Amino acid sequence: MGAEEKMKNLLVPAYISAILTAIYVPIVTIWSEFDEGFKAGLAAITGHHWITKGVLLIVLYVVFFIIFYFINGPEGKLSKKLPIKMLNILLVLMVFIGLISIWSMYYLHYIHVI
Amino acid sequence: MSDPFLMGIHVFFADLAMLGYLWVFVDLLNPISDEKIARARNIALFSLIFIILTWVTAGYYYVVYYPADRAVIKASSVWDWGHKIIMETKEHVFFFAPVLAFVVYFVLYALGAELKNNDDARKAVQILAVVMIIGNLLLISMGSLIAFSYRGALEGLVGYLL
């Protein structure tokens, strides 16, 4: 397998890791907002909950990347099944859903609905 | 206490990154060439670096200086939405930016000249570049709203004290 094929096989882990971290962002945001203990735990790790969330984002991205790199394998098992177009749509969709979820949660919390 | 330099520089870095994504989008329009792809890749790297610099400078401001501003905003029952809705949303939505910036650069890096023959990948990068531009405009607008609420809250506080 050439260097070009190897590089192409890295695209799927890069996209899947991005999609999973895009799912992680609203989950950790909403969870920390409603669970003071969890928020305090995050803050205890680095001194500030926001810094910990950022560090976790990087760590998760790298971990997911490595996991899906090995799942994809040298023959690119996932690359054949998951076209870049579909992965891109999923990524944009997850970012959009994340944005709406975070904003809605803070808005509804502000007006005391949740 | 505030730091106008740090406040300004994080927006400046974000604006440079956004201009980079505009450049990437335009460079990937047809007709496409090896030269344009190479330039788009370099610009995407430049934008990724500026997104990271935005993260570091904004994060430093948020952790060190913003608590004092937050106290002023939250003291006002009229302007507290500036922190409770806008800032809380902004600080978390920003996390999407470095992830998307990395993917934009990585697709350009991994596919390189092959983007000429791969319309799906080329359009994928363009879509992500547009998302980055819109997202940046959204975050800048949110920053303005936070500053607006801070000034409103401060005026109310000064009025009350006088």
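Axes here are lines fitted to C-alpha atoms, for helices over the stretch in contact, and angles run from 0 to 180 degrees between N-to-C directions. The model is predicted, so local features need pLDDT of at least 70 and side-chain atom pairs count only at pLDDT 80 or more, while totals for chains, interfaces and linings use all residues. Residues are numbered from 1 along each chain as its sequence is written, chains are lettered from A, and side-chain values use heavy atoms, without hydrogens and water. Helices are DSSP runs (H or I, at least four residues), numbered from the N terminus.

**Between chain A and chain B**

- Contact means heavy atoms within 4.5 Å. By that rule, 36 residues of chain A touch 34 residues of chain B.
- The two chains bury about 3200 Å² between them, and carbon and sulfur atoms give 80% of that area. Buried area is the accessible area (1.4 Å probe) that two parts lose on being put together, summed over both.
- On the chain A side, Trp50(A), Tyr106(A) and Tyr110(A) lose the most area to chain B, together 23% of what that side buries.
- The chain A side has 25 nonpolar, seven polar and four charged residues. Nonpolar means Ala, Val, Leu, Ile, Met, Phe, Trp, Tyr, Cys and Pro; charged means Asp, Glu, Lys and Arg; the others, Gly among them, are polar.

**H3(A) with H5(B)**

- The axes of H3(A) and H5(B) (residues 96-111) come within 11 Å and cross at roughly 40 degrees.
- H3(A) and H5(B) are therefore oblique to each other. Angles under 35 degrees count as roughly parallel, over 145 as roughly antiparallel, 65 to 115 as roughly perpendicular, and the rest as oblique.
- Leu57(A), Tyr61(A) and Phe65(A) meet residues of H5(B), including Phe102(B) and Phe106(B).

**H2(B) with H3(B)**

- Within chain B, the axes of H2 (residues 34-64) and H3 (residues 66-75) come within 4 Å and cross at roughly 60 degrees.
- This pair, H2(B) and H3(B), is therefore oblique.
- Tyr61(B), Tyr62(B), Val63(B) and Val64(B) meet Tyr66(B), Pro67(B), Asp69(B) and Arg70(B).

**Backbone details**

- Most residues other than glycine have a negative phi, and most peptide bonds are trans.
- The bond from Asn30(B) to Pro31(B) is cis, with omega near -5 degrees. Pro31(B) lies in the loop between H1 and H2 of chain B.
- His112(A) has a positive phi, near 60 degrees. His112(A) sits in the segment after H5 of chain A.

Definitions and conventions
Helices (H or I, at least four residues) and strands (E, at least two) are DSSP runs, numbered from the N terminus.
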